[in-house]
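Here are my notes for your first read through this model. Keep the viewer open and check each point as you go.

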Amino acid sequence: MKGTFVGYILLAALMVFTIQGCGVKYSLSGGSIPEGMNTYSVEIFENISPFVSATLSQQFTEGLKERIRTQSKLSQVNQDGDAMFSGVITNYVITPAAVEAGVDRAALNRLSITVKVKYVNRKDESGESDFEESFTQFKEFRGEVSTQESSLNSEIVKMLTEDVFNKAFNNW
């Protein structure tokens, strides 16, 4: 009986060491920054959408810089970083999301922002990690957009920069 118990303990220990030695490393802070990548640069994202929010271009550009700065070990440079981000804001639109009965207006509106991002990993000579992709996020709201626009934009920018960061560094 004693020998069987020791055998189970040894088997369990062997399994733990085997499982720890294998697998995928996941990290939600810092992503999987490629070996040798030390710097990043973010160009200004111009707002070319038909409807322009005055501060959105700067807000998104600075939001992306901050996201990378706070969630990675990379240092920001003005141009030609190891990781380079550029692009444009292609859509900024408010659409009705729910109609109010008996009234000629929407009970709920949706603010959507689309950003087209080009990412170049200068440390990947194959170019396989580079991408050019559009990202869209939205928030629904009640009432007039003018009283909430700044906070809505902040929330959407936060979601968009998370999407861009994850695509570039977490392959999501």
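Predicted model: local features only at pLDDT ≥ 70, side-chain atom pairs only at ≥ 80, totals over all residues.

1. The stretch to treat with care is residues 10–30, where pLDDT stays under 50. For that stretch the model has 7 contacts beyond four places in sequence.

2. Next, the overall layout. The protein chain has 3 helices and 6 strands.

3. Now the chain as a whole. It has 172 residues, and 34% of them are buried. The chain exposes about 11000 Å², with carbon and sulfur atoms supplying 53% of that area. Look at the contacts too: taking those with a separation of 6 or more, 70% are between residues 24 or more positions apart.

4. Is Tyr92 buried or exposed? Find this residue in strand β4, which covers residues 83–99. Tyr92 counts as buried because its relative accessibility is 2%, and the cut-off for buried is under 20%. What does Tyr92 touch, leaving aside neighbours within four places in sequence? Its contacts are Ser49, Phe51, Ser53, Leu56, Leu111, Ser112, Ile113, Glu149 and Asn153. Also try Val52: Tyr92 and Val52 are 40 residues apart in sequence, yet their C-alpha atoms are 6.8 Å apart in space.

5. One of those contacts of Tyr92 is Ser112, so it makes a handy next stop. Ser112 is part of strand β5, residues 106–121. With a relative accessibility of 13%, Ser112 also falls in the buried class. Not counting residues up to four places away in sequence, Ser112 touches Asn91, Tyr92 and Val93, plus Gln137 and Phe138.

6. Asp80 deserves a look for its backbone. Most residues other than glycine have a negative phi. Asp80 is not a glycine, but its phi is positive, about 55°. You will find Asp80 in the loop between β3 (75–76) and β4. Beyond its neighbours within four places in sequence, Asp80 is in contact with Ser41 and Arg122. The C-alpha atoms of Asp80 and Val42 are 9.1 Å from each other, and these two residues are 38 apart along the chain.

7. Finish with the second largest pocket, which holds about 160 Å³ of space. Which helix gives the most to its lining? That is α2, with 5 residues. Both α2 (56–71) and α3 (149–169) supply at least two residues of the lining. To see the pocket yourself, select Gln59, Glu62, Gly63, Glu66, Arg67, Ser154, Val157, Lys158 and Thr161, which line it. By type, the lining residues split into 4 charged, 4 polar and 1 nonpolar.

How values were computed:
Residues numbered from 1 in each chain as written. Heavy atoms only, no water. 1 Å grid on protein atoms, 1.4 Å probe; cavity = no way out; pocket = protein on both sides within 12 Å on 5 of 7 lines; lining within 4 Å. Points joined across faces, edges and corners; volume = space filled by probe spheres on them. Helix = DSSP H or I, 4+ residues; strand = E, 2+ residues; numbered from the N terminus. Nonpolar A, V, L, I, M, F, W, Y, C, P; charged D, E, K, R; others polar. Buried < 20%, exposed > 50% of the residue type's maximum accessible area, 1.4 Å probe, protein only. Contact = heavy atoms within 4.5 Å. Areas by Shrake-Rupley, 256 points an atom, 1.4 Å probe, with all protein chains shown as cover. pLDDT = per-residue confidence, 0-100.
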